[in-house]
Amino acid sequence: MKYRQLSDTGVFVSELCLGTMTFGGRGQMWERIGGLDQPAVDDLVNRALDAGVNFFDTADVYAAGESETMLGKALAGRRHDVVVATKVRGRTGPGPNQVGLSRLHILEAVENSLVRLRTDYIDLYQIHRFDPLTSVEDTMRALDDLVRAGKVRYIGCSNLAAWQLMKALAVSREQHLERFRCTQSYYSLVGREIERELIPLISDQRLGLLVWSPLAGGFLSGKFTREGGDEAARRTRFDFPPVDKEKGFAVVDTLREVAARRGASVAQTALAWVLAQSAVTSVIIGARNMSQLDDNLKAGDVTLPAEDLAALDDASRLAPEYPAWMDALGSDRRPGERRF
């Protein structure tokens, strides 16, 4: 297992992070995604730990809190060996204030997460989505208070647009508050939209990038072709994240060719492509069984040479949008002019 620094924190996390959306089955959606019981969760977590994974990601809304509870039990006795990330924002109850990024909800939610995770601190506390009803200042101040209180070590965000993330960073800088150290965003060979604005921002602000759904909800697992797919696969029951199927199957065709050349599985090759992107800190993998986990854990051993990376890039590249195509025009500097 290889380890990468999380932004400028000095903390190193495994390049593969075990996601826990499959843990627990409370609620109809979560039954379709996972439904794993505690013994199965214990086995997956132990296998990940044995493989060198030291990074685990969950959220308070996964299986209505069951995911956090199960992860906390599975990490009993190993808590200080790992980095645990969880999230706040989604609805956790029927009340009008049991949702969002208000100070009221954040302070209540973190206490509940601490209890479920069986810990007195959270390594990385992330806002799950943007909240248009709450001022960014209130949210950042509440998160800063959690860091100062020692209940949270670092803060991050997830699923924000570039302007939303930059606004939060500006508020933190202006008011001398703890700032987001990373973003958790969707990124895959069939979902490269963050390359337009978010990755340039990440590089400019030196943030970490945690990637969710690098296999596009199983679309890039090798189980799906133009002729059909595995009826037992999660993607069949829960078609998310959205994929342009016509373009997607062309990407899968190239993936199969590259995988065959490297003696790797399609899923390992898709994960290896994401790991090869310079902005990426860690890739979140999920599994419903041990064979899936074992296959994904081997992705770090797959090295894609330049010609394979180029082939995958050609098959999946985004069409240029304004102002990108304007910036791609020739320089307006005079011949021989230096830029300082």
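Modeller: A search of the whole structure finds 21 salt bridges. A salt bridge here is a side-chain nitrogen of Lys or Arg within 4 Å of a carboxyl oxygen of Asp or Glu.

Colleague: What kind of model is this, and how are residues numbered?

Modeller: This is a predicted model, where local features need pLDDT of at least 70, side-chain atom pairs count only at pLDDT 80 or more, and totals for chains, interfaces and linings use all residues. Residues are numbered from 1 along each chain as its sequence is written, and side-chain values use heavy atoms, with hydrogens and water left out.

Colleague: Back to the bridges. Which side chain meets D145 in a salt bridge?

Modeller: That of R103, at 2.9 Å, N to O. D145 sits in helix α5 (residues 136-148) and R103 in helix α4 (residues 103-117), so the pair ties together parts that are 42 residues apart in sequence. Helices are DSSP runs of H or I with at least four residues, strands are runs of E with at least two, and both are numbered from the N terminus.

Colleague: And how accessible is D145?

Modeller: D145 has 30% relative accessibility and counts as partly exposed. R103 is partly exposed too, at 33%. The cut-offs: buried is under 20% relative accessible area, exposed is over 50%, and partly exposed is in between, with a 1.4 Å probe and protein chains only.

Colleague: What does D253 pair with?

Modeller: R226, in a salt bridge of 2.8 Å, N to O. The pair links distant parts of the chain, 27 residues apart: D253 is in helix α9, while R226 is in the loop between β10 (224-225) and β11 (228-229). D253 is partly exposed, with a relative accessible area of 32%.

Colleague: Where does R261 find its partner?

Modeller: At D308, with the closest N and O atoms 2.7 Å apart.

Colleague: Is D308 buried or exposed?

Modeller: Buried, at 0% relative accessibility. R261 is partly exposed, at 47%.

Colleague: Which residues share partners in one network?

Modeller: R192, E195, D313, D314 and R317, joined by salt bridges.

Colleague: New topic. Where are the cis peptide bonds?

Modeller: One joins F240 and P241, with omega about -5°. P241 lies in the loop between α8 (234-237) and α9 (245-262). Another runs from Y322 to P323, with omega near 5°. P323 is in the loop between α12 (306-316) and α13 (324-327).

Colleague: What about positive phi in a residue other than glycine?

Modeller: N159 has phi near 65°. Its place is the loop between β7 (152-158) and α6 (162-175), and N159 is partly exposed at 33%. R206 has phi near 60°. R206 sits in the loop between α7 (198-205) and β9 (208-212). R206 is exposed, with a relative accessible area of 68%.

Colleague: Which side chain reaches the backbone oxygen of R206?

Modeller: That of S7, at 2.9 Å. S7 is in the loop between β1 (3-5) and β2 (12-14) and is buried, at 12%. The backbone oxygen of R181 also lies 3.4 Å from a polar atom of the S7 side chain.

Colleague: What else is S7 in contact with?

Modeller: Leaving aside neighbours within four places in sequence, S7 is in contact with R181, R206, L207 and G208. Contact means heavy atoms within 4.5 Å.

Colleague: Why call α10 largely enclosed?

Modeller: Because 10 of the 10 residues of helix α10 (residues 266-275) are buried. Among them are Q268, T269 and W273.

Colleague: Last one. What lines the largest pocket?

Modeller: 45 residues, of which M21, I33, S213, G217 and R234 lie nearest its centre. A pocket is an open set of points on a 1 Å grid over the protein atoms alone, where a 1.4 Å probe fits, with protein on both sides within 12 Å along at least five of seven lines; lining residues have an atom within 4 Å of a point.

Colleague: Which element gives the most to that lining?

Modeller: α11 gives the most to the lining of the largest pocket, with 4 residues. Elements that each supply at least two include α1 (28-33), α8 and α10.

Terms used:
Polar contact = N/O pair within 3.5 Å; in protein donor to acceptor, adjacent residues only side chain to side chain.
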